[in-house]
Amino acid sequence: MRDQIVSDFLNTLARPAVPAPAGATVAALALAQAAALLSRAAGGDTEADHLTRHALRLAEIDAHAVTHDVPDRAQPAADVVAAAGEVVRVAERLLSTVDSRALPDVAAAAEMAGSSATTACVAAEARNGFAAGADAVAERAARVTAAVRSGAHSGG
């Protein structure tokens with residue numbers, strides 16, 4: 001998956017007859033993009049870079065869990081929820097440290113992370129598992145976005 005061309009991945013994902021990555025895999029890929037966007041917004045951020053690689057690895061692990069008979073197929077999705085919380089935590093930290101022109105990217109990354117948490121939670125539940133914290137991650141992401149939008153409307 002790591003070296004697959006995006007269009008090839010999307011074509012595979014769109015074919016229901018082919019075993020393909022499920023929602024948590026897609027959520028992990030979105031999470032990797034969110035973390036990369038945070039690194040960009042910060043002009044480089046070691047923690048965000050690490051989370052980018054971690055989320056990409058989670059996508060690979062989840063895709064494997066979906067297409068193979070693994071003992072706990074819900075665990076990779078639960079791990080995506082946890083990683084989403086870490087991405088939102090970085091977004092919260094960057095709110096006060098990045099250039100104001102980069103704040104819309106921080107909000108976009110937080111929203112992607114919140115959505116990834118919710119999506120992965122649904123996937124974990126569909127696999128008869130549990131993923132704690134998705135609602136809290138989504139709420140924190142919404143607060144990041146609200147803070148950015150509030151500053152944008154006030155001219156900040």
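Predicted model: local features only at pLDDT ≥ 70, side-chain atom pairs only at ≥ 80, totals over all residues.

Where is the place of Asn-128? I looked, and Asn-128 sits in the loop between helix 5 and helix 6. Helices (H or I, at least four residues) and strands (E, at least two) are DSSP runs here, numbered from the N terminus. Asn-128 has a positive phi of about 65°, although it is not a glycine. I also looked up its cover: Asn-128 is exposed, with a relative accessible area of 76%. My cut-offs are under 20% relative accessible area for buried, over 50% for exposed and partly exposed in between, with a 1.4 Å probe and protein chains only.

**Ground rules.** Residues are numbered from 1 along each chain as its sequence is written, and side-chain values use heavy atoms, with hydrogens and water left out.

**Overall fold.** I get six helices and zero strands for the protein, so the order from the N terminus is α-α-α-α-α-α. The radius of gyration is 16 Å, close to the 15 Å from the globule rule for 156 residues, so the protein is as compact as a globular protein of that length. For the record, that radius is taken over C-alpha atoms, and the rule is 2.2 Å times the number of residues to the power 0.38. The C-alpha trace spans about 50 × 30 × 25 Å along its principal axes. Buried residues make up 44% of the 156.

**Contacts.** I call it a contact when heavy atoms are within 4.5 Å. Of the contacts between residues at least 6 apart in sequence, 74% join residues at least 24 apart.

**Core.** Which residues have the most contacts inside the largest nonpolar core? They are Leu-31, Leu-38, Val-80, Val-81, Val-87 and Val-106, in a core of 49 residues. Helix 2 (23-41), helix 3 (46-67), helix 4 (75-94), helix 5 (103-126) and helix 6 (134-153) each supply at least two residues of this core. By my definition, such a core is a set of buried Ala, Val, Leu, Ile, Met, Phe, Trp, Tyr and Cys residues joined through side-chain atoms within 4.5 Å. In soluble globular proteins, nonpolar side chains tend to be buried together.

I then picked Val-106: leaving aside neighbours within four places in sequence, Val-106 is in contact with Leu-38, Ala-41, Ala-91, Leu-94, Leu-95, Val-98 and Val-144.

**Ala-35.** Buried or exposed? Ala-35 is buried, at a relative accessible area of 0%, and belongs to helix 2. Not counting residues up to four places away, Ala-35 touches Ala-48, Leu-51, Thr-52 and Val-87. Ala-35 and Ala-91 are 56 residues apart in sequence, but 8.7 Å apart in space, C-alpha to C-alpha.

Ala-108 is in helix 5 and comes out partly exposed, with a relative accessible area of 30%. Its C-alpha is 9.8 Å from that of Val-148, 40 residues apart along the chain. Over in helix 6 I checked Thr-145, which counts as buried at 13% relative accessibility. Thr-145 touches Ala-107 and Glu-111, again not counting residues up to four places away in sequence. Arg-143 is in helix 6 too, but Arg-143 is exposed, with a relative accessible area of 52%.
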